[in-house]
Amino acid sequence: MAAQARHERFQLSDGADLARCARQLGVTIPFSDDIRTLFSPLDVAGRRLPNRFAIHPMEGCDAEPDGAPGPLTFRRYQRFAAGGSGLIWFEATAVTPEGRANPRQLWITPANVDGFRRLVDGTRACSSEKHNVLLVLQLTHSGRYARPDGTPRPIVAQHNPVLDSRLGLSPDHPLVSDGELDQLQEAFLHAAELAAAAGFDGVDIKACHGYLVSELLAAFARADSRYGGSLENRTRFLLEVAGRIRARVPSLLITSRFSVHDGLPHPYGFGADTEEFAEPVELARRLHALGSPLLNVSLGNPYHNPHIGRPHDMPVAGGATPDELPLVGVARLLRAAAAIQRAIPAVAVVGTGYSWLRHLFPNVAAGAIARGDVALVGLGRLALAYPDCVRDLEANGALDPEMMCATCSGCSQIMRDGGHVGCRVRDSDIYAQEYRQGRAWAAGRNEQDKRR
Ligand SMILES: Cc1cc2nc3c(=O)[nH]c(=O)nc-3n(C[C@H](O)[C@H](O)[C@H](O)COP(=O)(O)O)c2cc1C
């Protein structure tokens with residue numbers, strides 16, 4: 001990188017401005033004036049997607065206590081579907097009760113699978129027929145970030161001095177055993193069967209952001225275990241689950257969202273080995289060989305280095321201001337997706353990191369697709385703020401500047417404060433109040449902590 005720059009909020013006006021900034025930073029940001037490629041079809045697993053847009057998985061923390069989708073869950077996905085993306089990647093959904101990240105996380109069970117079926121049907125009904133939207137459900141176990149009853153109940157695959165201290169974990173906190181991981185494979189299998197019964201087209205075995213399967217990918221220091229040490233062992237859980245789902249539910253598309261780089265030093269982070277992402281590329285090759293036609297690439301850990309996975313103007317309360325310009329983070333995300341896409345052109349890679357770019361995102365996305373750096377463009381926070389952005393772009397060739405995501409971390413803040421997640425700025429009727437209530441709750445909790 002040519003020059004270091006301190007963090008600054010977004011202030012890019014046009015492509016020339018973006019190119020100038022990228023040059024100064026020594027980073028590569030693709031750009032194309034021709035955005036028609038975003039609306040070119042893509043064949044994935046025998047399905048023709050109408051365009052190159054995907055809605056990224058984003059937890060809404062609005063499930064019913066039994067894990068079934070709640071009213072706001074339905075609303076969110078119906079808005080996403082009406083927005084016109086060809087692929088909707090449903091949020092992290094727990095496969096066991098103790099693996100939930102919060103008491104309002106989705107959790108799929110035989111008792112509530114009908115609720116998920118209604119969610120699928122309701123989502124499809126809001127998508128136009130021409131879109132024939134592809135629906136993928138992300139299956140997760142939250143591992144060290146499990147909070148099934150709202151308090152931390154960490155389930156840890158490997159001790160990590162950087163991450164343990166944040167959770168107050170002592171070095172003798174027991175690790176999840178190989179036997180328990182074997183059992184957990186069954187839970188993923190069972191959840192995949194339920195997802196198929198609910199009508200999802202595919203399942204994602206979530207392996208990103210430091211949750212359990214992600215932590216296993218980095219379990220270099222996990223000793224005397226079938227799930228630690230060598231690449232073979234560290235990828236065992238993910239690959240065995242993928243292979244077993246494929247054998248048991250052959251009709252289901254199998255994919256994974258994985259962190260190509262955790263932003264943690266070796267031996268505690270996956271993808272920290274070389275700049276060339278050697279291990280992540282190898283993992284992607286193995287997933288593809290097992291029949292995954294689609295992969296979703298992310299980076300980092302939202303609890304430790306949120307700017308790596310979600311370049312932003314403002315951090316959550318108490319979060320550090322990153323020591324880099326968000327454009328550097330965007331470039332890193334684009335590079336990570338390109339590393340996987342270029343190594344395995346036959347797989348459709350969903351890229352991440354576009355929301356911070358505001359009105360410039362379509363040109364950057366079109367540039368990335370034109371270069372063969374990515375097949376699909378994933379939208380996260382922007383979709384919460386502006387669910388109709390794809391439809392507007394197709395109809396008008398431009399986006400509404402009043403609807404852009406401010407990358408203010410308000411949605412992440414609501415999540416931290418225990419509320420229902422949405423955009424407090426652009427969907428304020430519901431979420432401005434969620435935000436305020438959450439902040440008030442957090443202030444009360446801090447007061448209590450002070451008095452203790
Ligand atoms: C409120 C919130 C919830 C999220 N939940 C998930 C999730 O369930 N699964 C996941 O893989 N990523 C999750 N993410 C990360 C997003 O999918 C996405 O990678 C990130 O926001 C960066 O994309 P963006 O710049 O378009 O927002 C979440 C992000 C936010 C802000």
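Sorted by class, the shell around the ligand holds 11 nonpolar, 9 polar and 6 charged residues; here Ala, Val, Leu, Ile, Met, Phe, Trp, Tyr, Cys and Pro count as nonpolar, Asp, Glu, Lys and Arg as charged, and the others, Gly among them, as polar. The model is a predicted one, where local features need pLDDT of at least 70, side-chain atom pairs count only at pLDDT 80 or more, and totals for chains, interfaces and linings use all residues. Residues are numbered from 1 along each chain as its sequence is written. In total, 26 residues surround the ligand (C-beta atom, placed from the backbone, within 6 Å of it), and the closest are His 56, Ala 92, Ser 355, Gly 380 and Arg 381. Helix H15 (410–416) gives the most, with 3 residues. Helices (H or I, at least four residues) and strands (E, at least two) are DSSP runs, numbered from the N terminus.

Next comes helix H9. Its 12 residues, 278–289, reach 17 Å from first C-alpha to last, close to the 16 Å expected at 1.5 Å a residue (1.5 Å times one less than the number of residues). Glu 279, Pro 280, Leu 283, Ala 284 and Leu 287 are the buried residues of H9 (20 or more other C-beta atoms within 10 Å of their own, with C-beta atoms placed from the backbone). Seen down the axis of H9, these buried residues fall within an arc of 140°, so they line one face of the helix (the arc is that of the directions from the helix axis to the C-beta atoms). After H9 comes Gly 291, with a positive phi near 110°.

Notes. A residue is buried if 20 or more other C-beta atoms lie within 10 Å of its own, exposed if 12 or fewer, and partly exposed in between; C-beta atoms are placed from the backbone.
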